[in-house]
Amino acid sequence: MLEVGQVTIRSPEDGELKAFLETTETAFGEALHEGDVERWTPLLRLERQLWAWDGDVAVATAGTYEFRLQIPGGDLPTAGVTMVGVHPSHRRRGILTEMMRRQLDDAYERGEPLAALWASEAPIYGRFGYGVATAAARIEADRDRIAFRAPDEPTGRTRLVSLDDARSIVPAVYERVRRATPGMIDRSEDWWRSLRLVDPEHWRNGGGPLFCVVLELDGEPEGYAMYRLRGSWEDGVPGAKLDVREALGASPAATREIWRFLFGVDLTRQVRAWLLPPDHPLFLSVTEPRRLQMRVGDGLWLRLLDVHAALAGRSYGCDGRVVVEVGDRFCTWNDGVWRLEVEGSEPAVERGGGQAELRLDIGDLASAYLGGFSFAALQRAGRVEELADGAVERADALFRTTVTPWCAEIF
Ligand SMILES: CC(C)(COP(=O)(O)OP(=O)(O)OC[C@H]1O[C@@H](n2cnc3c(N)ncnc32)[C@H](O)[C@@H]1OP(=O)(O)O)[C@@H](O)C(=O)NCCC(=O)NCCS
């Protein structure tokens with residue numbers, strides 16, 4: 001049990017998940033809905049959740065999922081931070097800070113080298129060593145202006161499947177995409193059942209049901225999309241908005257065809273999607289990219305909890321060496337100089353190991369870690385100091401990835 005003033009922090013026990021979730025919902029100004037407890041039960045291990053109490057009043061929560069995050073060349077155990085909320089009555093007294101302290105310590109002790117989250121507001125997590133690691137793009141495209149460049153003949157077969165049937169089809173496609181895409185998380189069966197292939201009424205926000213379409217190329221599932229329509233008729237003219245929840249293809253052809261399907265749904269005026277990679281192939285696949293109305297914001301935030309394990313765990317773009325001085329005030333065990341040497345594609349990571357060539361904060365190293373942001377871009381933003389000529393270029397050659405990292409969902 002931890003104490004912040006008169007507030008104590010503990011994990012919920014058996015039978016307390018409902019009350020725990022109610023505490024979170026109140027912090028977000030919302031309420032628990034029917035089915036929520038059953039949905040979260042298989043996903044939230046109680047010992048990974050933190051619950052703050054002021055006397056006999058529950059006032060804050062923070063928790064983590066347990067999953068693996070895809071990084072260049074593999075994946076690593078990751079604390080997926082979720083359920084973070086402090087009641088308005090108890091804000092700005094350091095409760096979040098104390099929960100973050102304990103959460104990051106616990107994850108480090110469990111051997112999770114990374115923590116990841118989606119921030120409700122960007123200024124919250126930098127102080128705890130998180131850095132923005134992926135960008136997330138959104139589109140809002142008027143369907144009648146979107147035409148595909150050649151090859152403009154549709155290929156493959158699409159069919160609508162029920163969410164139940166989708167469970168035996170789409171996870172394999174997702175897994176193929178995930179394995180090739182830094183920033184994606186692995187999904188358990190419970191995850192699919194509870195969070196992805198599910199359509200609670202209160203998630204619809206006035207829209208229609210969630211549909212799932214599967215694309216087959218040469219008879220095999222290669223892509224899928226989940227989407228819903230928000231119908232509208234003005235003066236008898238159909239003007240629905242089609243909201244894409246997730247659309248993935250395991251090959252370039254499958255990605256093109258699944259989007260061709262989405263832009264072909266009748267009665268639709270506009271197609272909207274979020275959480276896309278900023279270099280989504282759609283941009284180069286349509287005749288009028290401007291008409292996609294693409295906008296980019298911050299995506300996944302990442303925390304390197306164990307610099308040694310994180311650097312040793314990923315693959316690199318070439319052989320080479322760089323020595324970085326990392327500043328980490330919140331997890332001081334990372335603070336200091338680290339040498340990364342890649343030889344024959346094998347990384348060796350050593351503490352100390354020479355004169356620092358780059359100086360940066362732990363959150364900025366997280367921004368570069370998945371390959372989402374280059375050291376050169378960080379340097380231009382005044383976030384990396386080059387202490388030896390050419391070090392930024394060498395670091396970029398090492399950390400470069402061919403696939404832009406992105407994460408297809410908020411958790
Ligand atoms: C965000 C939230 C969890 C912060 O909790 P808290 O207990 O007030 O945070 P702390 O008191 O530990 O604040 C630590 C520092 O972060 C700053 N901070 C906290 N929330 C912030 C926000 N939303 N924007 C900017 N700064 C913020 C505080 O000002 C404080 O700064 P200081 O140390 O310089 O004084 C809380 O405001 C909340 O529940 N918000 C609504 C739900 C939400 O957005 N949850 C996050 C989901 S990702």
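Colleague: What should I know about the model before I start?
Modeller: The model is predicted, so local features need pLDDT of at least 70, side-chain atom pairs count only at pLDDT 80 or more, and totals for chains, interfaces and linings use all residues. Residues are numbered from 1 along each chain as its sequence is written, and side-chain values use heavy atoms, with hydrogens and water left out.

Colleague: How many residues surround the ligand?
Modeller: There are 19, and the closest are Val-86, Arg-92, Gly-94, Thr-97 and Ser-120.

Colleague: Which helix and strand each supply at least two shell residues?
Modeller: Strand 5 (74-86) and helix 3 (95-109) do. Helices (H or I, at least four residues) and strands (E, at least two) are DSSP runs, numbered from the N terminus.

Colleague: Which backbone atoms lie by ligand atoms, and at what distance?
Modeller: A backbone N or O atom of Val-84 lies 2.9 Å from a ligand nitrogen. For Val-86, a backbone N or O atom is 2.7 Å from a ligand oxygen, and for Gly-94 the distance to a ligand oxygen is 2.8 Å.

Colleague: How much of the ligand does the protein bury?
Modeller: The protein buries 74% of the 900 Å² that the ligand exposes when taken alone. These areas come from the Shrake-Rupley method with a 1.4 Å probe.

Colleague: New topic. How many salt bridges does the structure hold?
Modeller: It holds 43. A salt bridge is a side-chain nitrogen of Lys or Arg within 4 Å of a carboxyl oxygen of Asp or Glu.

Colleague: What does Glu-246 pair with?
Modeller: Glu-246 forms a salt bridge with Arg-187, with the closest N and O atoms 2.8 Å apart. The pair links distant parts of the chain, 59 residues apart: Glu-246 is in strand 14 (residues 240-249), and Arg-187 is in the loop between helix 5 (170-179) and helix 6 (189-196).

Colleague: Are those two buried or exposed?
Modeller: Both Glu-246 and Arg-187 are buried. Buried means under 20% relative accessible area, exposed over 50%, and partly exposed in between (1.4 Å probe, protein chains only).

Colleague: And what about Glu-409 and Arg-187?
Modeller: Their side chains meet in a salt bridge at 2.7 Å, N to O. They are 222 residues apart, with Glu-409 in the segment after helix 12 (391-399).

Colleague: Which arginine forms a salt bridge with Glu-409 at 3.7 Å?
Modeller: That is Arg-196, which sits in helix 6, 213 residues from Glu-409.

Colleague: Why does Arg-196 count as buried?
Modeller: Arg-196 counts as buried because its relative accessibility is 5%. For Glu-409, which is also buried, the relative accessible area is 2%.

Colleague: Last topic. What is listed for phi at Leu-267?
Modeller: Leu-267 has a positive phi of about 70 degrees although it is not a glycine. Most residues other than glycine have a negative phi.

Colleague: Where is Leu-267?
Modeller: Leu-267 is in the loop between helix 7 (252-262) and strand 15 (268-276). Its relative accessible area is 46%, so Leu-267 is partly exposed.

How values were computed: Near = heavy atom within 4 Å. Polar contact = N/O pair within 3.5 Å; in protein donor to acceptor, adjacent residues only side chain to side chain.
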